[in-house]
Structures are given as structure tokens and as C-alpha cells.
Amino acid sequence: MGIIVNKENTKNDELSRRIDADLRTKMAGSAGVIEGETPDLVDDSEYMKNYKKTSKFGWVWVVLIALAILSLISIFAF
């Protein structure tokens, strides 16, 4: 046995759409975002506050790690 519950969601849906539209326009106005795009706020977050981007010499680390792996493979293979 079940209970059928009818609820008018039209008023809630309309209110949610209005709030969503208002928040999007405020966010787009303050961030300078093109309409239809969602802003990526990762760089502004507290988590990323003290991090630095990789410098132009980041490829050196990749080469060094690759050489270390190759040397380990050659040592254990022979």
C-alpha cells in the first residue's frame, strides 16, 4: 500500500529559476565572464592561494625522472 502525494512544484521551480538567473548575472558581471560559460574559480580559491605555477624548466624534472627509471630498468635487467 502506498501514499500518493501531489505537490505543486511549479512555484518552487519558478523561484529556483529566478534565483539561479539572478546569481548567474551577478557572477558574470563581477567576473567578466562571457554569457553561457561557467567561470573556473580554482585560481581564486583559498586552496590555491600559495601555490605557484610550473616554471619553464618543468620539463627538466620529467627528463630526470625518465632517466632515473631507465637507469633502474637497465640495472635490474642485466
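Glu14, Arg17 and Arg18 are linked in a network of salt bridges, a salt bridge being a side-chain nitrogen of Lys or Arg within 4 Å of a carboxyl oxygen of Asp or Glu. The model is predicted, so local features need pLDDT of at least 70 and side-chain atom pairs count only at pLDDT 80 or more, while totals for chains, interfaces and linings use all residues. Residues are numbered from 1 along each chain as its sequence is written, and side-chain values use heavy atoms, with hydrogens and water left out.

| Glu14 | Arg17 | 3.2 Å |

Glu14 and Arg17 both belong to helix H1, which covers residues 10-31, and are three residues apart, about one turn of the helix. Glu14 and Arg18, also both in helix H1, are four residues apart, again about one turn. Asp20 and Arg24 lie in helix H1 as well, with a separation of four residues, or about one turn of the helix. Helices (H or I, at least four residues) and strands (E, at least two) are DSSP runs, numbered from the N terminus.

Accessibility is classed as buried under 20% relative accessible area, exposed over 50%, and partly exposed in between (1.4 Å probe, protein chains only). Glu14 has a relative accessibility of 36% and therefore counts as partly exposed. Asp20 is also partly exposed, because its value is 37%. Arg17 counts as exposed because its relative accessibility is 53%, and Arg18 is exposed at 52%.

For the chain as a whole, the secondary structure comes to two helices and zero strands. Of its 78 residues, 3% count as buried. The chain exposes about 8,100 Å², of which carbon and sulfur atoms supply 62%; accessible areas come from the Shrake-Rupley method with a 1.4 Å probe, and for residues only the protein chains shown count as cover.

A nonpolar surface patch has about 1,100 Å² of accessible area together, and its members include Phe57, Trp59, Trp61 and Leu67. Patches are made of residues with over 30% relative accessible area and no salt bridge, joining like charges within 9 Å and nonpolar side chains (Val, Leu, Ile, Met, Phe, Trp, Tyr) within 5 Å. Leu67 is found in helix H2, residues 58-77.
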